[in-house]
Amino acid sequence: MVSDGDIGVVELVLVDMQGRLQGKRVNARHFLDVTRRGGCEAQTYLLATDVEMNTVDGYDLASWSTGYGNLVMRPDLTSMRRLPWHPRSVLAFTDVFDSTGAAVTVSPRQLLRTQLDRLNDCGWNALIGTELEFQLFADTYRQAWQDGYRSLRPVSDYGSDYGLLDTRGTGSFLTSLADGLEAAGIDIEGVLSEAGPGQQEIVLGVNPALTAVDNHALAKFATKQIAAAAGYSATFMAKLGDYEGNSCHVHFSLRDHDNAPVMADDGQHGFSDVMRGFLAGQLAYLPELTLMFAPNINSYKRFVDGSYAPTTICWGHDNRTCALRVVGSGRSLRFEHRLPGADANMYLVVSAIIAAGLRGLKEGLTLPDPLAGNAYAAELPRVPRTLSEALTAFKASDVAAQAFGEDVVRHYTRTAEIELEQFNRSVTDWEKFRGFERL
């Protein structure tokens, strides 16, 4: 394809701490001759920065005192796919190594690989499906920025959950989005309207965990570019207004190496011992690991009673008020983790799910009875209410330290601390309107 002139550029991407795709565009011939074997270098600060790409203090991996050296991005050739929105381009995910050839443990993709290795040692593979919500606006990204995000125009002025009526002209965009994702090698079941004004949901197909999470990250990356090309803007912020926030529900199941289901048998609820222990671990360690599901200050604005976002820690059969919803039976049995928002880094989310599940099995935790009814009104332990609360729990978490390592805990603790420090220094519009004249 390169010789024929059909491919000219390879986009090599590193997944950063926020779940975004960063990296380099490499000449395709150079990729074939050099990069596909030896990789390419990029600065370490890509894994030690905030959302605005500032150089920030407090990371072991990269700082002014370390000289901000390089890391090595080695392409995972199994991840390559065409980019229909970038003619003559393909994309490859990379794994990240230091100058000695050791894997960078704080890299999100490496973090997930480590947890998948732990599952493999048990004889299991994880299958993942995600439901990714976003809001679509009839403003370009530049218009939204220049207007301070104050007069955004959703493509619909009202919610139309599951609606098929297209009176605002967005149907052609949603079709082009679905076509673009499929052409990029992303398994997609469909796109549907959601509850909030201009809100949409992409339902991504079930795949082995690493492929599913790569597809998820690429779907977010692609959606923004396809929207921008159509004159729209899309956001994956967890909460933007008074209506429902943008969630990302994660469907999780296990298979053995012969592809037989692991979570189902003829026990109570149709659960195997593995399912009971794995689900019990989700409930027991959710507070300690919430930081990996809800990494931003804005993430916690989504946890509102009666909003379909969970606020209490419980599980139930096909109960959308619960943090853990069990659906299916037999081969299709799985649990849906409803805590993550669309802003979450899915590599961290799935790593946390695996860590909690394996710890629940190791400790032989007992699964409580399912909740029948309204979890919002039940007397149950609560989901952490703020980033600060989640940070405190994560920093002291034994399950995080044991599963991920102290270096990873320090790294992502520092990320949350920086988010809080920067927010606490900021003066918001709310403060100005509340106090400029009246205080």
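Is Ser388 buried, partly exposed or exposed? Ser388 counts as partly exposed because its relative accessibility is 38% (buried is under 20% relative accessible area, exposed over 50% and partly exposed in between, with a 1.4 Å probe and protein chains only).

## Basis of the values

This is a predicted model, in which local features need pLDDT of at least 70 and side-chain atom pairs count only at pLDDT 80 or more, while totals for chains, interfaces and linings use all residues. Residues are numbered from 1 along each chain as its sequence is written, and side-chain values use heavy atoms, with hydrogens and water left out.

## Ser388

Ser388 is placed in helix 8, residues 387-395 (helices are DSSP runs of H or I with at least four residues, strands are runs of E with at least two, and both are numbered from the N terminus). Between the C-alpha atoms of Ser388 and His317 there are 31 Å, with the two residues 71 residues apart along the chain.

## Two buried arginines

Arg325 belongs to strand 14, residues 324-327. With a relative accessibility of 7%, Arg325 counts as buried. Its side chain forms a polar contact of 2.7 Å with the side chain of Asp318 (a polar contact is a pair of N or O atoms within 3.5 Å; within protein, one must be able to donate a hydrogen and the other to accept it, and residues adjacent in sequence count only if both atoms are side-chain atoms). Apart from residues up to four places away in sequence, Arg325 touches His251, Gly316, Asp318, Asn319, Arg320, Arg334, Phe335, Glu336 and Arg338 (contact means heavy atoms within 4.5 Å).

Arg414 lies in helix 10, residues 406-425, and counts as buried at 14% relative accessibility. The backbone oxygen of Asp57 is reached by the Arg414 side chain at 2.8 Å. Neighbours within four places in sequence aside, Arg414 is in contact with Asp57, Gly58, Tyr59 and Glu421.

## Helix packing

Helix 6 (residues 273-293) and helix 7 (residues 346-362) have axes that come within 6 Å and cross at roughly 130° (axes are lines fitted to C-alpha atoms, for helices over the stretch in contact, and angles run from 0 to 180 degrees between N-to-C directions). Helix 6 is therefore oblique to helix 7 (angles under 35 degrees count as roughly parallel, over 145 as roughly antiparallel, 65 to 115 as roughly perpendicular and the rest as oblique). Residues making the contact include Gly277, Phe278 and Gly281 of helix 6 and Ala352, Ile353 and Ala356 of helix 7. By class, this contact of helix 6 with helix 7 has 14 nonpolar, five polar and two charged residues (Ala, Val, Leu, Ile, Met, Phe, Trp, Tyr, Cys and Pro count as nonpolar, Asp, Glu, Lys and Arg as charged, and the others, Gly among them, as polar).

Helix 2 (residues 108-121) packs with helix 5 (residues 209-229) at an angle of about 155°, the axes being 10 Å apart. Helix 2 is therefore roughly antiparallel to helix 5. Arg109, Leu112, Arg113 and Leu116 of helix 2 meet Ala209, Leu210, Val213 and Asp214 of helix 5 in this contact. The classes in the contact of helix 2 with helix 5 are five nonpolar, no polar and three charged residues.

## Positive phi

Most residues other than glycine have a negative phi. Tyr68, not a glycine, has a positive phi of about 45°. Tyr68 sits in the loop between strand 3 (40-43) and strand 4 (70-75) and is buried, with a relative accessible area of 9%.

Tyr149 is not a glycine either, and has a positive phi of about 60°. The loop holding Tyr149 runs between helix 3 (141-146) and helix 4 (171-183).
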